[in-house]
Structure formats: structure tokens, C-alpha cells
Amino acid sequence: MPHPRVPRRLAACAARHRSWCFGIGGVATTAGTVACQWPAFSDNPVTAGINVSVALTFVLTGVLLNGEDALGSATGAMIFSGLLWALTWTVAWDEGPSAFISTFAYTHFWVCLGWGALRYPVGRLQSNRERALLASAVLLIPVANLGLVGISDPTWFGYSRNVWWYGSPIDRDAFEEIIWVLDSLTLVLAAAFFWVVRVRLRRYSALDRRIFGPVAIALLVAFTLAATVNIFVCNPSGAYVPPAFILIALALLTIPLAFAAAGVRRQLARARIAQILATLPMPPTVPAVRDILRTALHDDSAELFLWMPQERRHVDADGATATPPRPGAGRLLVPVTTSSGAPLALISATAAQERNRDLVTVALQASAMALENARLHAAVAAQLDAVRASRARIVEAGLIERRRLERDLHDGVQQRLLALATRLGLARTKTSDPDTISAIEAAREDLHHALQDLRSLARGIHPAMLSQGGLRPALEVVIEPLPVKVEFDIPTVRFEPILEAGAYYTICEALTNTVKHAGAAQVRVTVRCVDGGILIEVTDDGKGGAVVVEGGGLAGLTDRVRALGGDLSIVSPSGGGTRLTASIPCG
């Protein structure tokens, strides 16, 4: 069984000096093929030229594929197939050992071609079934055909009696029977080969199928044509080339061209990776980088595990803690490092991507910076979420503390003052001294004012009406003593306590600023439910010109809204009134 392969050192040297190999290999192959079929050029120049093209294309394609991760597995087969095809046409000399050389080369050509196809893309046969198929091909094609020489006459193959021949012919009818059996087995062998290739294609990754699919089609056409022609003509014979072999040569020409096109597609795939990465959003996100890698590698199962050094854990593209698969678990694991060499991420892809390691490497190198930025963005986003959560807890704790203070004032100090007022009333009824009565009345008046101040203080800390009746009733109490006309457009529905409290204090501070600084005669307050949150608009007809000054009332109002995770904007043209808009999200 032939084992055509290019030694590793020779292959590495050829990859480094590809242009020299193209030149030398092209000239040597052309000269050798022309020499092998020189007698045919006078009678069949076009056919001879096609044969030169086939041999040259096979050899140059092998040189082109040398060094490619997956396609490089077919390098040796391509080169040796080209050389064997050139030797096939030594039959044009029609004398000496030309017939034996041609038979040997032609039969080994098909085995070598099938062997190269089965070696793709891992560089070896992958199962005992494939080894049995190749062994059967060796026995059925070169061995059997060389055996036929020993039991036949050269004229039975169309050769002249000037060629070297060995053995003695058997009965012609028996010979034809043997030929018929071998031709039938050849068709069965071709069908088995196509079945194996089909099974291979189904197991390949999407990228491998895109590369090997056209090659498989070209092999299908060439092998079917050759097996069919073999029924009528065993081998090329003489300088004259039958039209059937011209069709075979043209079909064979598509095989190296398909491999060459696959090599070009891989080169374009590398360039396309950079183009795909250019479509990443800014700032890049981990899910976006993962999706780009899946597109670039044609692998929808690819996963990205980002390393978070502070937490000492991996997270998936969605930010959840994840454990990467173990090495050897049927997945390809490729580490990604930062520009300083620190661990950045792990990429998990199908094991088939090992054959496209060069593309994987290019994709990871191109996406490493985006991944680093995405991790930084994710870390900042996580810190921001932590700050927001902490701020929300502080706001909620402040609200709880306000409620507690309001209850303490209402149930404690206020009740004691009311009890004192009752005692003063009793004391007033039990005395008739004018001075004592006057002192008691003065004390009762001061106590009344103290109770009013206490109630106002408790309402400012946390109005009981807000908890009992909601936002609208609580604000109605607030606007009652204001010196401006206030219109409300507030729904009667209840909100979450934090939302209600945030909206209440925001509107109260806005109204306070309007009364103090705007010189407005009318104010309109609108509250709407938007996406589970609250949208507040406070509009007045005052003098406008309001600006946010550090330490000022509007700055404090902005800080209050932002502490609730919301946003506040102010539009206040000079002489055109002021419109304050605040949005407070839910939770």
C-alpha cells in the first residue's frame, strides 16, 4: 500500500520557501509531464495539454496547502497524485516499460487520491472501516490490475507488442469474466467510498463542511466517471487518448481546484474575522464577543468563560458563575490571556475545531482586546450594580428610620404634650385667681404652638398620610398652606413605599424651590406610571433661569433622585418658567 507523505522537515522548509517551491515545482512538473507524453503532442496537443494542466494543478495545489492546519493533511496526496498522473501518460511512448509504468501509476493514482481524501482533515485514517476500505482499494485496483498483466496479452489492453510484458495469457473468455468481476467490485468500492465520505461530512463541523463539500462533489464526479469508463477501457493505451479519458482529466482538474479554493476561503476567513469583530458594539459586551466568535468559527456551541480575578472564578457570557469543561471531555479548550499575559478567558468549542486551530488562534488574538474591555466593562457594571444596591439599601433604611421617628414623635412626645394640655385645662377650671388663669392660658397657647410645630416636624420626617392614604392625599396636605396655585394630575393608585416616599419628597422639594425662587403664580404637578416606575413633572410659570449649583437646592434634589437610581432634568429658559422632570425606577 502506498504511503506518500512529505517529511515534516521538508514540509516546514517548503512552507518557508513557498514561492521557490511554486516556481521549481511548476517547471519540473511541466517538463516531466511533457516528457512523459511527448509522442502524444504531435497528434493530440490539446489532450496532452490538459494532462499537463492536471498534473501541474495537483502539484501546485499541494504546495499551496502545505502548512495549512487541516488542508495540509492533503499536501502529500496532492503532490504524489500529480506525479502519478504525469507518469500515467508514459504510455504514449508505446514501447519498453511504458505500459507497465503507466499501469502502475494510473492504478496507484486513484488509491493515492482516495487516501488523501480520507486523510482530511486530521492527517490520518480515522477508523478501522476506513483502513479496510483503503486496503480493499489497494488489492482491487493496483494489485489486481498488475496481476491482470501476468495473465493477459498486451494487445488485449490496446498496447503494441513492443512493450515489456510478463506472464502468459490465459483464455480470453476467462479473462473477460475476471475483468467483469473486477469492474463490478470497483463500482461497489466507489459506492463504499462515497458512503464513507458522506458519513464524514455529517460529522464535520460547519466550517469543515464548507471547505470539504466542494472537494467531495469533485471526487464523486471523478470517481464515478473513472469507474464507469473502467468498464469499457481498463487503462490509457498508446499515444491516442480516448474522449472518455479527456472527460476524466477535466473532472480531475476540479479536485485540486476545489482544494485550492478551500485554501483561499480559509485565508479569506481570517480576514473576515477582523471584519466581523469590527461590528462589535462599543463598549463590547461578553455576549457580543461570544456571538462574534460563534459566527467566525461557524460553531454555535462555542462558549466563553471569562475569568474574574478578584472573585477567583469563571463566569459565562451571561455573568453567571460557570465551570469550564475539563480537558479531554470532548471539547477544545483554548486559553486567552491579556496583553500582560494574565489569564483572561477560556474558549470552549467542538473538538473538530482542533483541525482549524489557526482560525481559532486568529479569532482569539483579534478578540482578546475586546474581551479585556468587556471584562473591564462587566467589572465596572458589577461595581455600579453593587453601589446602586447599597444606595437602595441606604434609602430604604432611611425611610424605615423616618417612619420610626414619626411614630415615636406621634406616640411618645405628642401624646405627652396632649396629656399636659389636658392637665392645664383641669388646672384652669380649679382656680379663680386672675394671674394664675392668665399664666395657664399663656402656657396652653405655647403648648398649642409646640404641638403644631411637632406635627409639622413629624410630617416633614414622614407624613402619616403618605403611609395611610398614598401620594395624592399626602401632597394635598402639603399644598394647602402654599401661596401659589397648584394643579394635580396624580393617579390614585398606590405605589411601592420607596417609590411613594421618593416621589413625595422630590415633589415637596421642587415645590419649596418654586415658592422660594421662581416667583410663580401657578404650578402643575404630573405623576405617571412608566415601565413600573414613576415619571414626575413639575412645571411652573415663574421667571425661569434656574441652574444647578453645587450645594444648592436643585443639586440636593438631583442627588436625592439619583440616590433612588433615577434621573432628573431641568429645563428653565430665562423668562419662560421651569420644567423639572424626574424618573424613579421601580426597585
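Me: Why is leucine 87 called partly exposed?
Reply: This is a predicted model, and the value is computed from it. Leucine 87 has a relative accessible area of 35%. Buried means under 20% and exposed means over 50%, so a value in between is partly exposed. Leucine 87 therefore counts as partly exposed. The residue is found in helix α5, residues 75–88.

Me: What makes Leu87 part of a nonpolar patch?
Reply: A patch residue needs over 30% relative accessible area and no salt bridge, and nonpolar side chains are joined within 5 Å. Leucine 87, at 35%, passes the area cut-off. The patch on the surface is formed by Leu87, Phe100, Ile101, Phe104 and Tyr166. Together they have about 410 Å² of accessible area.

Me: Which helix gives the most to the nonpolar patch?
Reply: Helix α6, residues 98–119, with 3 residues.

Me: How do you know that aspartate 291 and arginine 290 form a salt bridge?
Reply: The closest N and O atoms are 3.4 Å apart. The cut-off is within 4 Å, from a side-chain nitrogen of Lys or Arg to a carboxyl oxygen of Asp or Glu. The pair therefore qualifies, at 3.4 Å.

Me: Is arginine 290 buried or exposed?
Reply: Buried. Its relative accessible area is 14%, and the limit for buried is under 20%. Aspartate 291 stands at 36%, so this residue counts as partly exposed.

Me: What makes Glu487, Asp489 and Arg524 a network?
Reply: Salt bridges link the three residues. Arginine 524 meets glutamate 487 at 3.1 Å, N to O. This pair links distant parts of the chain: arginine 524 lies in strand β6 (residues 522–530) and glutamate 487 in strand β5 (residues 485–489), 37 residues apart. Arginine 524 also forms a salt bridge with aspartate 489, with the closest N and O atoms 3.8 Å apart. That pair too joins strand β6 to strand β5, with 35 residues of separation.

Me: Why are arginine 524, glutamate 487 and aspartate 489 called partly exposed?
Reply: Arginine 524 has 36% relative accessibility. Glutamate 487 has 27%. Aspartate 489 has 37%. The range runs between 20% and 50%, so arginine 524, glutamate 487 and aspartate 489 are partly exposed.

Me: How many salt bridges does a search of the whole structure find?
Reply: It finds 8.

Me: What makes β3 and β4 a pair?
Reply: Pairing needs at least two bridges. Strand β3 (residues 331–337) and strand β4 (residues 343–350) have 7, in the antiparallel sense. They therefore pass. Arginine 331 stands opposite threonine 350 in β4. The two strands form a hairpin with 5 residues between them. In the turn, glycine 341 has a positive phi of about 95 degrees.

Me: What is the mean pLDDT of the protein chain?
Reply: The mean is 77, and 81% of the residues reach 70 or more. Over residues 1–6, pLDDT stays under 50. The model has 14 contacts beyond four places in sequence for that stretch. Where pLDDT is low, the predicted coordinates should not be read in detail.

Me: How many helices and strands does the protein chain have?
Reply: There are 17 helices and 9 strands. Of the 587 residues, 45% count as buried. Among contacts between residues at least 6 apart in sequence, 66% join residues at least 24 apart.

How values were computed:
Residues are numbered from 1 along each chain as its sequence is written. This is a predicted model: local features need pLDDT of at least 70, side-chain atom pairs count only at pLDDT 80 or more; totals for chains, interfaces and linings use all residues. Side-chain values use heavy atoms; hydrogens and water are left out. Patches are made of residues with over 30% relative accessible area and no salt bridge: like charges are joined within 9 Å, nonpolar side chains (Val, Leu, Ile, Met, Phe, Trp, Tyr) within 5 Å. Accessible areas come from the Shrake-Rupley method with a 1.4 Å probe; for residues, only the protein chains shown count as cover. Helices (H or I, at least four residues) and strands (E, at least two) are DSSP runs, numbered from the N terminus. Buried means under 20% relative accessible area, exposed over 50%, partly exposed in between (1.4 Å probe, protein chains only). Contact means heavy atoms within 4.5 Å. pLDDT is the predictor's confidence in each residue, from 0 to 100.
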